[in-house]
Amino acid sequence: MTRETWTAVDVYVSELLAPHDEALAAALESSEEAGLPPIQISPPQGKLLYLLVKLLGAASILEFGTLGGYSTIWLARALPEGGNLITIEADPRNGEVAGRNIARAGLDGVVDLRLGPALDLLPRLAAEGVGPFDLTFIDADKVHSPEYFTWALERSHPGSLIVCDNVVRDGALIDLSNEDPAIQAQRRLHEMIAAEPRVEATTIQTVGVKGHDGFNIARVA
Ligand SMILES: C[S@@+](CC[C@H](N)C(=O)[O-])C[C@H]1O[C@@H](n2cnc3c(N)ncnc32)[C@H](O)[C@@H]1O
């Protein structure tokens, strides 16, 4: 199987099971127009997040890494009435685009967009007493995924889910000679999760429009 086949299958699945409505299509178009990198999750992955929110009955969500708000829209639109989502984005230009996309999707009353590097914002969020979160989606700077996981775990409850994206990276996860700090962080994340008695977790490899990668999904016991 080639990347061409993975992409074609993703397109087939997206068209049938995860089609874009106006808001999702406009979110991607306006992100492209504004020059944002096309590094958002794929439509089937967006639908997976949507389904996880629904399956959990999640009412409070924390997201690391908003970009143009594409994953935010998938997550937030699965929330029940009265639900809320905090999303953290370091780049103000991305935040501006995301804010417009989230408002266009009619979700500005649900989504609380926080601008700034996550490690700077987390102490402020802690002081505000946010959480616990039913679901956390970690998809920002990969080098800090373990720190975000630890923070989210402290603000979870039994049954909460923590989902981390891009943990496989074309298989680089298991290449011990790879010195890229973002890859080493994924190994650190796995080792930390394996040693953490408060969670049960697995990593699922994915192929598709985004190549070969994977999600880690951890459930707080
Ligand atoms: C992979 S993109 C997020 C994609 C988005 N979740 C989606 O699927 O639509 C990663 C985002 O994290 C942001 N980011 C990078 N470093 C960050 C940091 N230290 N704190 C918060 N956000 C950060 C980037 O600016 C970028 O927009």
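Which residue just after α6 takes a positive phi? In this predicted model, where local features need pLDDT of at least 70, side-chain atom pairs count only at pLDDT 80 or more, and totals for chains, interfaces and linings use all residues, that residue is Gly129, with a phi of about 75°. Residues are numbered from 1 along each chain as its sequence is written, and side-chain values use heavy atoms, with hydrogens and water left out.

**Helix α6**

Helix α6 spans residues 118–128; helices (H or I, at least four residues) and strands (E, at least two) are DSSP runs numbered from the N terminus. Its buried residues are Ala118, Leu121, Leu122 and Leu125, where buried means under 20% relative accessible area and exposed over 50% (1.4 Å probe, protein chains only). These residues cover an arc of only 115° around the axis, which puts them on the same side of α6; the arc is that of the directions from the helix axis to the C-beta atoms. Pro123, Arg124 and Ala127 are exposed on the face turned away from that buried side. The cover over the buried residues includes β1 (60–64), β2 (84–89), β3 (111–115) and α7 (145–154).

**The ligand**

Ala118 of α6 is also among the residues that come nearest to the ligand, together with Gly65, Ser71, Glu89 and Asp139, out of 21 around it (a heavy atom within 4 Å). The table lists polar contacts (pairs of N or O atoms within 3.5 Å).

| Side chain (N or O atom) | Ligand atom | Distance |
|---|---|---|
| Asp139 | nitrogen | 2.8 Å |
| Asp141 | nitrogen | 3.3 Å |
| Tyr148 | nitrogen | 3.5 Å |

The protein covers 87% of the 600 Å² of accessible area that the ligand has on its own (Shrake-Rupley method, 1.4 Å probe).

Methods. Contact = heavy atoms within 4.5 Å. Polar contact = N/O pair within 3.5 Å; in protein donor to acceptor, adjacent residues only side chain to side chain.
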